[in-house]
Amino acid sequence: MGGIPLAAMHRLGEAVLALDGDAFLTLRFDRHDSCLGQVRGTIEARVQMRCQRCLQPAELELRIPVALGIVRSEAEAERLPGDLDPLLLDDDRCRLSDLVEDELLLALPVVAMHVKDAPECLPGKTEFKSEGSIDSGKSDVKRPFDVLASLKKDH
Ligand SMILES: [Zn+2]
């Protein structure tokens with residue numbers, strides 16, 4: 001079906017380090033007996049999150065299977081079969097980009113990491129470069145020299 005620009009997804013933008021390109025959809029709309037219609041397919045997108053092992057950006061490929069039943073009310077949603085999640089139409093409008101953004105947000109891992117044994121993922125190596133420790137890092141920088149100085153005094 002084509003792409004939806006990720007840059008327009010502000011809620012998703014707040015949850016990740018960087019968004020790259022488009023979300024790609026392969027969705028199929030079909031009739032369904034118990035709702036207005038069903039949507040099945042996959043959403044694919046690439047985002048960057050901070051790897052919790054090395055604290056560097058890690059690119060994640062998201063591939064999310066979707067199975068939705070289009071409904072107009074909560075009551076209709078309750079009648080959906082178990083394999084369909086409700087997609088509630090708001091004022092007879094259904095904004096596809098909102099749906100895709102919701103699905104991507106739900107699919108983000110709680111703890112992001114590089115794939116196992118990735119060469120760029122070296123735990124501990126870049127700890128002092130992480131943004132959060134810039135201020136406190138300044139006082140830490142002197143410490144190795146202080147230690148050296150005190151060793152020299154002892155001799
Ligand atoms: Zn890593």
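Buried means under 20% relative accessible area, exposed means over 50%, and partly exposed lies in between (1.4 Å probe, protein chains only). At 9% relative accessibility, His114 therefore counts as buried. This is a predicted model: local features need pLDDT of at least 70, side-chain atom pairs count only at pLDDT 80 or more, and totals for chains, interfaces and linings use all residues. Residues are numbered from 1 along each chain as its sequence is written, and side-chain values use heavy atoms, with hydrogens and water left out.

**Fold and confidence**

- The chain has four helices and five strands. Helices (H or I, at least four residues) and strands (E, at least two) are DSSP runs, numbered from the N terminus.
- From the N terminus on, the order of elements is β-α-β-β-β-α-β-α-α.
- Of the 155 residues of the chain, 32% count as buried.
- Contact means heavy atoms within 4.5 Å. Among the contacts in the chain with a separation of 6 or more, 53% come from residues 24 or more positions apart.
- Mean pLDDT for the chain is 81, and 75% of its residues reach 70 or more. pLDDT is the predictor's confidence in each residue, from 0 to 100.
- Over residues 126-142, pLDDT stays under 50, and the model has eight contacts beyond four places in sequence for them. Where pLDDT is low, the predicted coordinates should not be read in detail.

**Zinc site**

- Cys51 (SG), Cys54 (SG), His114 (ND1) and Cys121 (SG) coordinate the zinc ion at 2.0 to 2.4 Å. Donors are N, O and S atoms within 2.8 Å of the metal (3.2 Å for Na, K and Ca); water is not among the atoms, so sites may look incomplete.
- The site of the zinc ion is tetrahedral, with angles of 106 to 111 degrees among its four donor atoms. Four donors count as tetrahedral if all angles lie between 85 and 135 degrees.
- The donor residues are spaced C-x2-C-x59-H-x6-C in sequence.
- Cys51 lies in the loop between strand 3 (37-50) and strand 4 (57-71), and Cys121 in the loop between helix 3 and helix 4, so the pair ties together parts that are 70 residues apart in sequence.
- Both Cys51 and Cys121 are buried.

**Around His114**

- His114 sits in the loop between helix 3 (96-107) and helix 4 (134-154).
- Not counting residues up to four places away in sequence, His114 touches Cys51, Arg53, Cys54, Gln56, Pro57, Ala58, Glu120 and Cys121.
- A polar atom of the His114 side chain lies 3.4 Å from the backbone oxygen of Pro57.

**Salt bridges**

- The whole structure holds nine salt bridges. Each is a side-chain nitrogen of Lys or Arg within 4 Å of a carboxyl oxygen of Asp or Glu.
- Arg11 and Glu101 form one of them through their side chains (3.3 Å, N to O). Arg11 lies in helix 1 (residues 10-15) and Glu101 in helix 3, so the pair ties together parts that are 90 residues apart in sequence.
- Arg11 is partly exposed, at 41% relative accessibility, whereas Glu101 is buried, at 5%.
- Arg11, Glu101 and Asp102 are linked in a network of salt bridges.
- Arg40 and Asp83 meet in a salt bridge between side chains (2.9 Å, N to O). Arg40 lies in strand 3 and Asp83 in the loop between helix 2 (74-78) and strand 5 (85-88), so the pair ties together parts that are 43 residues apart in sequence.
- Arg28 forms a salt bridge with Asp30, with the closest N and O atoms 3.1 Å apart.

Key. Polar contact = N/O pair within 3.5 Å; in protein donor to acceptor, adjacent residues only side chain to side chain. Tetrahedral: all angles 85-135°; square planar, octahedral: opposite > 155°, others 65-115°.
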